[in-house]
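Have the 3D view open as you read.

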Amino acid sequence: MIHYFSMWDKTYAHHGLTMRDSLRRHNGDVSFRVFTFERQHIPGAMYIGDYPELQNVRDHGPKGVALFWTMEIACLKQILDMTDPNDLCVYVDADQWFTSSVHPLYDVFQKSHLVGLTPHHFPPGQEEREQHAGRFNYGFAIWRNSTVTKLLVYDLLQKTMSRCDANECGHQRYFDELASGLGDAFCELPETVNVGPWSLPVIKHDPPIYNEQRLISFHFHECRRVPNGTQCRNPAFVGDVKFNLSNYSIHESTRKCVYAPYIRELARYLPSA
């Protein structure tokens, strides 16, 4: 069985609900659960405070954005403990948006694979950014429930609890060693999933095409609601609600084919929209 899960606080609920809707639109009524930092009346919501191990990480883990990164690993451990051997536990960031079926991924992720991750795919000349951000982006990941996987995730949680911060060592840095240590049990997922603005992608057409293939999902990293008077790089309005679409340069075709429809869908879950 495949279990999709995510994690968000109330400030990202509109992103997360939009992601959930897009996942089900293209993939049917899939199993989906979300860990929340506050009690939220959402089907499948699991309040972190109801799980002692998660609350312990929340109380004693790193602070700031590093706490969210560490909680992502803690929630993964919790999902693995709640599901059956050989089940697939698929983490999806709240600001992901699906534009086609995920089924092609499971043609790539074979029975012999334990973990599947997506590289950042930084543009040519920017490969050195992996030294800080890590090779992989944790916006979408597949984990097979197994004894080996649980041991790896336990070790990963201990590492992030002891050292995880925004300046020196984010949690993604640890995935490089994990992937190389797995050998053939590791799967590098296709470039059409978890496509992010950091790769400066050019996406065309409807349905969206990326590098001559159907786009599976886009990661709207740094797409945030901002106060109306705020200066930002890529402003956009939904009614009177202002967003900064990204702090990266956005190709006009990408803006039209993914950002514009995403913002329209996002508006359904904005309290003032």
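## Starting with one residue

Is R268 buried or exposed? This is a predicted model, and in it R268 has a relative accessible area of 52%. Exposed means over 50%, so R268 counts as exposed.

You can find R268 in the segment that follows α8. Setting aside neighbours within four places in sequence, R268 is in contact with D21 and R25. Now look for H14: R268 and H14 are 254 residues apart in sequence, yet their C-alpha atoms are 8.0 Å apart in space.

## Helices α1 and α8

Two packed helices are described by the angle between their axes and the distance between the axes. Helix α1 covers residues 13–27 and helix α8 covers residues 252–266; their axes cross at roughly 110° and come within 9 Å. That angle makes α1 roughly perpendicular to α8. The two cross in a right-handed way.

Which residues of α1 and α8 meet? On the α1 side they are H14, H15, T18 and R25, and on the α8 side Y262, E265 and L266. Sorted by class, this contact of α1 with α8 has 2 nonpolar, 3 polar and 2 charged residues.

## Helices α2 and α3

Next, turn to helix α2 (residues 52–60) and helix α3 (residues 65–82). They pack at an angle of about 165°, and their axes are 10 Å apart. Angles over 145 degrees count as roughly antiparallel, so α2 and α3 are roughly antiparallel to each other. The crossing of α2 past α3 is right-handed.

From α2, the residues E53, L54, V57 and R58 take part, meeting L67, T70, M71, A74, C75, K77 and Q78 from α3. In this contact of α2 with α3, 6 residues are nonpolar, 2 are polar and 3 are charged.

## Helices α6 and α7

How do α6 and α7 pack, and at what angle? Helix α6 (residues 147–162) and helix α7 (residues 173–182) have axes 11 Å apart, at an angle of about 155°. These two helices are therefore roughly antiparallel to each other, and α6 passes α7 in a right-handed crossing.

On α6, the contact is made by L152, L156, K159 and T160; on α7, by Y174, F175, E177, L178 and L182. The contact of α6 with α7 divides into 6 nonpolar residues, 1 polar residue and 2 charged ones.

Definitions and conventions:
Residues numbered from 1 in each chain as written. Predicted model: local features only at pLDDT ≥ 70, side-chain atom pairs only at ≥ 80, totals over all residues. Heavy atoms only, no water. Axes fitted to C-alpha atoms, helices over the stretch in contact; angles between N-to-C directions. Helix = DSSP H or I, 4+ residues; strand = E, 2+ residues; numbered from the N terminus. Parallel < 35°, antiparallel > 145°, perpendicular 65-115°, else oblique. Left-handed = near helix turned anticlockwise from the far one by under 90°. Contact = heavy atoms within 4.5 Å. Nonpolar A, V, L, I, M, F, W, Y, C, P; charged D, E, K, R; others polar. Buried < 20%, exposed > 50% of the residue type's maximum accessible area, 1.4 Å probe, protein only.
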